[in-house]
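Subject: Structure handover

Hello,

Here is the structure for your files. My notes on it follow below.

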Amino acid sequence: MRARMRNLGVMAHVDAGKTTVSERILFLTGQIHRIGEVHDGQAELDHLPEEQARGITIMAAAHTCEWDGYQLNLIDTPGHVDFTAEVERSLRVLDGAVAVFDAVAGVEPQSETVWRQADRHRVPRLVFVNKMDRPGADLDACVAEIRDRLDATPLLLQLPVWDGHVFVGVVDVLSGTCWRWRSDDPTDVDPAPTPAALAVEVARQRELLVDRIAERDEQLLESWADGAAGIDEIRAALRRLTIDGDVVPVLCGSALSGIGVQPLLDAVVAYLPSPDDVSSDAHDDPVAEPLAALAFKVVHGQGGKLTWIRVYRGTLAKGDKVRNASTRATVRASRIVRLEAGKTHDVDTVVAGDIAAVFGLGDVVTGHTLCDPSAVVELESMVFPEPVMTVAIEPATSSDQEKLLVALGRMADEDPTFAVRADEQTGQTLIAGMGELHLEVTLNRLANDHGVAVNAGQPEVAYRETLAQPVTGLEHTLNKQTGGPGQWARVVIDVEPTGSVDIGELGFVDTTSGGAVPAEFAKAMADGCRDAMTAGPRGFPLVGVHVTLTDGATHSNDSSERSFRIAGAQALRLAAERAGTWLLEPVMAVEAEAPEDYLGAVIGAINARRGEVGELTERHGVSIVRAVVPLAELFGFTDALRSVSQGRASAAMSPAGYRPAPDC
């Protein structure tokens, strides 16, 4: 069963056609009987009202289907940078992925972002070059960009077939089989020999393909050298290399026209791994082992809280009691369902390798491990980026205050990159997200999904602070007497900046000797320093701090862990005030494109926003400008580009870290 299972995601830059590819897969596997189009808001996988209204994927959608006797657990991920957390958590639990590229646009900014995410999680990939039917489609240029910009080894498995200037099919380079689709019925496709006009090129590409596979696979190299390598042996070698991440098979087509999706599905089962292929479990039968599963997504709906899980080991049955290894609580799986986009299908059990969803798991959140109570194990969790933009909100009516807090709590539970806090000075409720679109969608969902209308302020950038210089030998004594047992702690610290911009990351070393500060008090003091990092002298999170505890003292009656925690927080605040801080602002990598006539206007718009222009290139007669621009300057940037280019320029953005702000 596990050998005939594929857990795969579909990932791409926004508008590359990712959800259209997924919709065609559902149609061809018999899961839907009408093809819904993304552009008219009828896509099965884009089932949320916000997705249908905008024509983009916002939340990852999962669906279980079957192709040629293989079970496919498919996850369609968002392409917009604001929802990159959905890609991150999906890649954490997937065994393989299909990366979709626009045949005209090539490697776009978010394409690169999701590719790097897949690299980090070591997820084997196939490439589907989509939109081959568009004017300007260039398969060779797209493959070259994948090689040059993504540091990958793409292997071309297909060549396009044209009828004049019309894209009508593909030729399989290895077998020479030609697949040609009918325009009036894209599901009606029959194999045929290679067209005579392509015979020489197909032979050349086949020789090149086998050469590249053989030079990386010793098993094939020996057979190939003897002239005995058959097509099955070549495909087996290609499968090994793909699973190891050494190469990336490339296919092409047009999902909107229905061309190329059947061969893509064949490639998924042929080259992407099963759970057994990527399992690090040493057991012969992971299904028979004690349960180990990871919760990777939470959704609140009419049926209650639904937790998406990937089962890595063992079996989970309806009604089973399991341990939440992350909190040590025991929870009960009251109901197990297969995921079908916005719908569910009940099942009694799921086994190692499965992706499913469970009702009744209480306080389980993204990243928690579920396991057998008699064999507790904790799987590696997930790390998500911190929000970069905030907005103050309040309910439109005071009677909705409690309803608002409940809704925000559920939304924060669902989305690890969405945060809620109260401003200590103003008492306002602040929500934080990954960008303008993320916050705009959140506000709309509050009204539409939760029935809470809110008044919102203007979005503001989430700045951070870092120390301007080191501070050495700072001494601080806490001496608080309240009539009963007092609080007393003395610490001497050195503090220095580390250059990190990660919130909550503290470097700490205890160099005291002779028992001047007991180990448990030193640990409490470090916790106090972390408390102080939540807000620096300017009110923003303090990052990049290393503290060395060089000396200290205790009181025989009044010292405690609490005392040293308070003293640590106070000492770091004093050190930050003495050192002074620099303000750090988030910056974005911007890729703008426009006709050459408007290149100067686009560069001017970037420079006016404190942008630093880097690389200038050209693709299909269109100028490409890559730059780094502060996020604070990008509000309304897309509209400004359209204005200076008569609507012919566009831009895409992705996070590029933090840099000192001008007033630092």
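Gln 487 lies in strand E29 (residues 487-497); helices (H or I, at least four residues) and strands (E, at least two) are DSSP runs, numbered from the N terminus. Gln 487 counts as buried, at 18% relative accessibility. Here buried means under 20% relative accessible area, exposed over 50%, and partly exposed in between (1.4 Å probe, protein chains only). Beyond its neighbours within four places in sequence, Gln 487 is in contact with Leu 478, Asn 479, Lys 480, Asp 558, Arg 562, Ser 563 and Ile 566. Contact means heavy atoms within 4.5 Å.

Two points on conventions. This is a predicted model, so local features need pLDDT of at least 70 and side-chain atom pairs count only at pLDDT 80 or more, while totals for chains, interfaces and linings use all residues. Residues are numbered from 1 along each chain as its sequence is written, and side-chain values use heavy atoms, with hydrogens and water left out.

Cores

The largest nonpolar core has 78 residues. Such a core is a set of buried Ala, Val, Leu, Ile, Met, Phe, Trp, Tyr and Cys residues joined through side-chain atoms within 4.5 Å. The residues with the most contacts inside it are Leu 72, Phe 101, Trp 115, Val 127, Val 129, Ile 146 and Ile 213. Helix H9 (residues 261-271) supplies the largest share of this core, 7 residues.

Helix packing

Helix H8 (residues 231-244) packs on H9 at an angle of about 80°, with the axes 9 Å apart. Axes are lines fitted to C-alpha atoms, for helices over the stretch in contact, and angles run from 0 to 180 degrees between N-to-C directions. H8 and H9 are therefore roughly perpendicular (65 to 115 degrees; under 35 is roughly parallel, over 145 roughly antiparallel, the rest oblique). H8 contributes Arg 235, Leu 238, Arg 239, Thr 242 and Ile 243, and H9 contributes Val 269, Ala 270 and Tyr 271.

Salt bridges

The structure holds 35 salt bridges, each a side-chain nitrogen of Lys or Arg within 4 Å of a carboxyl oxygen of Asp or Glu. Three of them follow.

- Glu 86 and Lys 297 meet at 2.8 Å, N to O. Glu 86 lies in helix H3 (residues 84-93) and Lys 297 in strand E12 (residues 292-301), so the pair ties together parts 211 residues apart in sequence. Both Glu 86 and Lys 297 are buried.
- Arg 239 pairs with Asp 277, the closest N and O atoms being 2.4 Å apart. Arg 239 lies in H8 and Asp 277 in helix H10 (residues 275-278), so this pair links parts 38 residues apart in sequence. Arg 239 is buried at 19%, whereas Asp 277 is partly exposed at 36%.
- Glu 615 pairs with Arg 626, with the closest N and O atoms 3.0 Å apart. Glu 615 lies in strand E34 (residues 612-619) and Arg 626 in strand E35 (residues 622-630), so the pair joins parts 11 residues apart in sequence. Glu 615 is partly exposed at 44%, while Arg 626 is buried at 17%.

Glu 615 and Arg 626 also belong to a network of salt bridges that links them with Glu 112, Arg 116, Asp 119, Arg 125, Arg 149 and Glu 591.

Best wishes
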